[in-house]
Amino acid sequence: MLLRAGGEMEGKAVDLGAVTGGDAADSGVKHAGELVRFAEAIVGGEEDEIASARGALCSVVGDAGMIDAAAVAGNFQRMVRIADGTGIPLDTPVKLVSADLREELGIDAFGSASETSATSRFGRLAGRLMRPLVPFVAKRMGPKRPKDGSLV
């Protein structure tokens, strides 16, 4: 949801299908191929795959950008493990505004999605009405990024 909001905040169209198996090159995310390769390597790759993906990512975003990417991936893994381990459902606002994205990406098919109740028709409508506000809320909550769009 934040990746989509981040793209909208920058006025870019992003195809989040790359997250669940689409073509990263067509995603609209800068350096998506290297980022996806790095993320997949650190989640399930061998040491040589991780080293190769790390080198490829460093070549396009630099050492600091690679460290940022590793921190984001590590933090995401931590949050998912805590949520899965404790059975935390999505909170209502996130559930409502992410219903269409979860459906589009097939996220509701994951086992941990069973912790969150189904979204009603009214909830989906409310989520669609609230969605345009997400970039504004994320912008106010998130850190400031360089205007050049760099990762660092």
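Modeller: Leu 105 is found in helix H5, where a helix is a DSSP run of H or I with at least four residues, a strand is a run of E with at least two, and both are numbered from the N terminus. The model is a predicted one, in which local features need pLDDT of at least 70 and side-chain atom pairs count only at pLDDT 80 or more, while totals for chains, interfaces and linings use all residues. Residues are numbered from 1 along each chain as its sequence is written, and side-chain values use heavy atoms, with hydrogens and water left out.

Biologist: Why is Leu 105 called buried?

Modeller: Buried means under 20% relative accessible area, exposed means over 50%, and partly exposed is in between, with a 1.4 Å probe and protein chains only. Leu 105 has a relative accessible area of 11%, which is under 20%, so the word buried applies. The C-alpha atoms of Leu 105 and Leu 16 are 7.6 Å apart in space, although these residues are 89 apart in sequence.

Biologist: Why do Gly 55 and His 31 count as partly exposed?

Modeller: Gly 55, in helix H3, has a relative accessible area of 38%, and His 31, in the loop between helix H1 (2–9) and H2, has 25%. Both values fall between 20% and 50%, and therefore each residue counts as partly exposed. For Gly 55, the C-alpha distance to Met 66, 11 residues along the chain, is 8.8 Å.

Biologist: What makes the phi of His 31 worth a remark?

Modeller: Most residues other than glycine have a negative phi. His 31 is not a glycine, yet its phi is positive, at about 65 degrees.

Biologist: How many helices and strands does the protein have, and what share of its residues is buried?

Modeller: The protein has seven helices and zero strands, and buried residues make up 27% of its 152 residues.

Biologist: How do you know that the buried residues of H7 line one face of the helix?

Modeller: In H7 (residues 134–141) the buried residues are Val 134, Pro 135 and Ala 138. Seen down the helix axis they fall within an arc of 95 degrees, the arc being that of the directions from the axis to the C-beta atoms, so they line one face of H7. The face turned away from that buried side carries the exposed residues Phe 136, Lys 139 and Arg 140.

Biologist: Which residues of H6 are buried, and why are they placed on the same side?

Modeller: Gly 123, Ala 126 and Gly 127 are the buried residues in H6 (residues 121–130). They cover an arc of only 100 degrees around the axis, which puts them on the same side of H6. The other side of H6 has the exposed residues Arg 121, Phe 122, Arg 128 and Leu 129, and helix H4 (92–97) is included in what covers the buried ones.

Biologist: What makes a set of residues a nonpolar core, and which residues form the largest one?

Modeller: A nonpolar core is a set of buried Ala, Val, Leu, Ile, Met, Phe, Trp, Tyr and Cys residues joined through side-chain atoms within 4.5 Å. The largest has nine residues, namely Phe 38, Ala 41, Ile 50, Ala 53, Leu 57, Cys 58, Val 61, Met 66 and Ala 69. Helix H2 (32–44) and helix H3 (47–86) are the elements that give it two or more residues, and H3 gives the most, with seven. Contact means heavy atoms within 4.5 Å, and Leu 57, not counting residues up to four places away in sequence, touches Glu 34, Leu 35, Phe 38, Gly 62, Met 66 and Ala 69.
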